[in-house]
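Here is a short report on side-chain packing. It covers aromatic rings, a nonpolar core and selected contacts.

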Amino acid sequence: MIGRLTTQIVGSYAKPHWLAHHARMRALDGTWWRPEGSVLEEAKRDAARLAIYEQERAGLDVVTDG
């Protein structure tokens with residue numbers, strides 16, 4: 001009998017288009033973020049919630065940040 005394996009690692013998620021300018025991702029000055037200020041913090045939280053939801057929906061045993 002083969003034991004059950006858990007899925008533990010997803011890897012890094014790409015930043016959503018509404019969160020970052022992908023063409024500027026290597027910028028060292030932080031200009032690659034799309035929203036600014038307090039909106040940026042809320043957008044980062046929304047992106048984290050979306051990644052968690054997708055992992056849960058996929059049936060992962062352990063949710064991770066990659």
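## Contacts of Thr-31

Which residues does Thr-31 touch, not counting residues up to four places away in sequence? The contacts are His-21 and Arg-24. This is a predicted model.

Thr-31 sits in the segment before helix H1, which spans 37–58. Its relative accessible area is 34%. The C-alpha atoms of Thr-31 and Ala-20 are 8.8 Å apart. Along the chain, these two residues are separated by 11 residues.

## The aromatic pair

A pair of aromatic rings is described by the distance of the centres and the angle of the planes. The count here is 1 aromatic pair. Trp-32 and Trp-33 form it, with 4.2 Å centre to centre and 25 degrees between the planes. The pair counts as stacked because its angle is under 30 degrees.

Both Trp-32 and Trp-33 are buried. Trp-33 also has a charged neighbour: Lys-44 lies over its face, 4.5 Å from the ring centre.

## The nonpolar core

How many residues make up the largest nonpolar core? There are 7 in all. Trp-32 and Trp-33 belong to it, together with Leu-19, Ala-20, Leu-40, Ala-43 and Ala-47.

Ala-20 touches Trp-32 and Trp-33, among others. Its contacts also include Lys-15, Met-25 and Arg-34, again leaving out residues up to four places away in sequence.

Notes. Residues numbered from 1 in each chain as written. Predicted model: local features only at pLDDT ≥ 70, side-chain atom pairs only at ≥ 80, totals over all residues. Heavy atoms only, no water. Phe/Tyr/Trp six-rings, centres within 6.5 Å; stacked < 30°, edge-to-face > 60°. Buried < 20%, exposed > 50% of the residue type's maximum accessible area, 1.4 Å probe, protein only. Lys NZ or Arg CZ within 6 Å of the ring centre and 35° of its normal. Core = buried A, V, L, I, M, F, W, Y, C linked by side-chain atoms within 4.5 Å. Contact = heavy atoms within 4.5 Å. Helix = DSSP H or I, 4+ residues; strand = E, 2+ residues; numbered from the N terminus.
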